[in-house]
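Dear colleague,

Please find below the structure that I am handing over to you. My findings follow directly after it.

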Amino acid sequence: MSEQRTIKKILVANRGEIAVRVIRACRDLGIPTVAVYSEADRTSLHVRYADEAVFIGAPAPRESYLKISKILDAAKQTGADAIHPGYGFLSEKPDFSQACQDEGIIFIGPNPHSIARMGDKQAARETVKRAGVPVVPGTEPGLRDEDILALAPTIGFPVIVKAVAGGGGKGMRTVRTPEELPAALATARREAESAFGDGRVYLEKLVEGARHIEFQILADTHGNTIHLGERECSIQRRHQKLVEESPSIFVDPDLRRRMGEMAVRAAEAVGYINAGTIECLVDKDKNFYFLEMNTRLQVEHPVTELVTGIDLVKEQIRIARGRRMGPTQSLMEPKGWAIECRINAEDPYNNFMPSTGKITSLNIPTGPGVRVDSGVYAGFEITPFYDSMIAKLICWGEDRGEAILRMRRALEEYTIMGVKHNIPFHQNLMNSFSFIAGAFDTKFVEERFSMTNYEDVPSEEELETAAIAATLFAHRQRQLASQVVTRGERDTSNWKWVGRWERMHR
Amino acid sequence: MKYVTTVNGKSYEIEIQADGSLTVNGEKRSVDFRELAPSMYSILAENISHELTIEQRGDEIEVLVRGHLYSSQVLDERALLMAQRTGGSIGDSKEASVKCPMPGLIVLVPVEVGQSVTKGQTVVILESMKMQNELKAPRDGVVQAIHVQPGQSVEQNKVLLTIS
């Protein structure tokens, strides 16, 4: 399995910020790139940054980004010999990894077998359990509603309904009482059906007061499997992560060593190759349970990159070429602290309702310790077809305190106008005592955080400045408008006017 | 020119003279206001420096200062007079409507015409951006009319449901 292969051109089977991120790594390596785009994405940033771009169909993901035949056609047409799937879309579809293999195209990710084993949540649990990894109690997947309702009491409420094909919080519902279960099953199935084309669901016991902590795994074809430390992802809403950090304030060196060893064992249990993530729940007493493995690059991979100095996308490509990966040892001591805020086009003052429309102004923060992975630009139109995440703001500091202060500064500098976005949420979160103290679990945002708790009251000076600026702005606009009307003060043409003037003086 | 500008519910009387000098509620302010790029402004007020992003959005002017967004209304004397004459344009209308906040697909309308609803109750489930969004009743009342049905695609700002 360790033959070396060359990669001449990479097709990125994704869109948005992650497509841009992958294209950047390719450009760093001097590898030409091919973007694919739907009707809604002709003007997207990933198309602008790629060397070539191929149209693949209608805006609905099922007609374009999820269509294996169209992606493979695009690769053949452009002579791309490798495909990077990004996250979401086809990244965790074993059929896709298999189809690439069949066509002789390198899939930059794990083999179809590991994706299938880990993608089937039940098979994954069984496999890692045999390798001595602790798991959360639950039902097997794909049961009918009657069976699930019958099994639920044996697991014990509260439970979570999860989509078999799930990810990103879609098709997930928390259920506290047996009465709520039927409705939750129906909603979860509907959401899963429309997001993944697969309505199968299963139940899992809800671990109360749990933190969501995950480990980054890298494995190459030379028999090396290592972890790159943890990411704390407990700041979430409706199972959508909003803020991630590395390391976790909750993890001490001993826990990191034990969880890291477990994560490596879990990955080795399926013969995993390339980058992947072991997601765990950790309870108050630092007991940890394997939740699932994500067999792809994670949205939040930059926080690991900033505390390890490793470019994960470049490592993915290196591993896919059959080379030895760069790092040789698991990470025991992260360098400094990194925090990521997901910038979503969602209104935090209105139940996080997604917002669409044109971005009229955009100013991205820069300076020491600040990284922005963005998929949008000023003038870009956000459409309702895809995820509402438009960018990620990642800040690094020597320690957690410095990272938080940098994040506050960068959020102040970040200007996005034209659509509603969640920067005010992040500003409030970075002011919250619970967040600063590290006292939070996965329910913190939904149950104990409110936008009004930590909102700074605007200072008198700032309000007056805003009023003065708005007035001067309106005043100038009015002056401009009146100039247009007054320009032709002589209400006739200059020729007529000269004619009259000459007659007058005759 | 005299203006009345309202920000966050607070009103300021701002007068701009022909020579560009400015008073706020009768007090003189020294202000240097520059346009740097489209929508981007710099203001120096008594040496205090702020970068601002300013855009007109409908009737309102949006001002972004240090990550805080303010929606403001600027009325000149004539507009103020008009507003006073019509006696406050936004009265308490008897009907409230639930408008579609973004284009999407109606998944479910869990209420019926004639049904009583309470403020905050879910009245429409809309799918957009791969998420199911619950649209809530803006106030207590009775569902007067439902203008959409499940499976229907809807445009932004379409009235989905009215409550009286």
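**Chain B: contacts and overall form**

Within chain B, 42% of the contacts with a separation of 6 or more are between residues 24 or more positions apart; two residues are in contact if their C-beta atoms, placed from the backbone, lie within 7 Å. This is a predicted model, in which local features need pLDDT of at least 70 and side-chain atom pairs count only at pLDDT 80 or more, while totals for chains, interfaces and linings use all residues. Residues are numbered from 1 along each chain as its sequence is written, and chains are lettered from A and ligands numbered from 1 in the order in which they are written.

The C-alpha atoms of chain B fill a box of roughly 60 × 40 × 20 Å along the principal axes.

**Chain B against chain A**

Chain A is touched by chain B through 45 residues of chain B and 38 of chain A. On the chain B side there are 26 nonpolar, twelve polar and seven charged residues. Here Ala, Val, Leu, Ile, Met, Phe, Trp, Tyr, Cys and Pro count as nonpolar, Asp, Glu, Lys and Arg as charged, and the others, Gly among them, as polar.

Yours sincerely
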